[in-house]
Amino acid sequence: MTDTRESLAQLLGGRGGALDASLPPLAFALGWVLAGRSIAVGALAAVVCGVVIGVVRVVRGDRPRAVVVSVALVVVAAYVALQTGRAEDFFLLQVFLNAASALVWAASIVVRWPLLGVVVGFVTGQRFRWRRDPDLMRAYRAASWPWVGQYVVRVVVFGALWLTGQVVVLGVMRAVLTWPLQAVCIAVSWWVLRRALPADHPGLRHPRVEESARG
């Protein structure tokens, strides 16, 4: 069976993209602490860090649209904190985004359009042929639940730290729960996929489409 862990990681930004995403929050927390709890300095540090990372990503060949979105999210987070006057609100956007992601992934499983199948389908060039393979459909639905789980974990941890105003810990946990948690999620999803598919299945790149479905 084809191992898709590398492809999935690349599609989601890979280790480099995930690490890059965790640096602006760390810059915010560091700037906030060093400047005597100045939200303005923390926000400036985060935005500057985000822009620098964005330039580096464009230079190394990343898609400009993805870079713009990443920088925009940092700017919005900084704006929220500046408007509310609460440093912990810099991380509020992440709480909402992860909550929304958990709901979307869960809904995709319920309506039989598991997002893991959609992702792998495009990575492997199979598009939506996997939906006509009952074994792949069942496997993708099962293997999508770890992705719901990772978003729920972030919501719980970030939400609890936000409620208690733990700005520095939020910055640290933003890094800890980015690539490391994503890597665990990918590994668990792959394990679930392999366990869910029959031993004689040809693999993710070769959906077994029934003759009736082809017609």
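**Close-up 1. A cluster of aromatic rings in the predicted model.** Ring pairs join Trp-113, Phe-122, Phe-128, Trp-130 and Tyr-140 into a cluster. Rings of Phe, Tyr and Trp (its six-membered ring) are paired if their centres lie within 6.5 Å, with planes under 30 degrees apart counted as stacked, over 60 as edge-to-face and the rest as tilted. By this rule the count comes to 8 aromatic pairs. The model is predicted, and local features need pLDDT of at least 70, side-chain atom pairs count only at pLDDT 80 or more, and totals for chains, interfaces and linings use all residues. Residues are numbered from 1 along each chain as its sequence is written, and side-chain values use heavy atoms, with hydrogens and water left out.

**Close-up 2. The pair of Phe-122 and Phe-128.** The ring centres of Phe-122 and Phe-128 are 5.6 Å apart and the planes stand at 90°, so the pair is edge-to-face. Phe-122 is partly exposed at 42% relative accessibility, and Phe-128 is partly exposed at 37% (buried means under 20% relative accessible area, exposed over 50%, partly exposed in between; 1.4 Å probe, protein chains only).

**Close-up 3. The pair of Trp-130 and Tyr-140.** With centres 5.2 Å apart and planes at 80°, the rings of Trp-130 and Tyr-140 form an edge-to-face pair. This pair links distant parts of the chain, 10 residues apart: Trp-130 lies in the loop between α6 (115–124) and α7 (134–163), and Tyr-140 in helix α7. Helices (H or I, at least four residues) are DSSP runs, numbered from the N terminus. Trp-130 is buried at 1% relative accessibility, and Tyr-140 is buried with a relative accessible area of 1%.

**Close-up 4. Arg-131 over the face of Trp-113.** Arg-131 lies 3.9 Å from the ring centre of Trp-113. A charge sits over a ring if NZ of Lys or CZ of Arg is within 6 Å of the ring centre and within 35 degrees of the ring normal.

Terms used: Helices (H or I, at least four residues) and strands (E, at least two) are DSSP runs, numbered from the N terminus.
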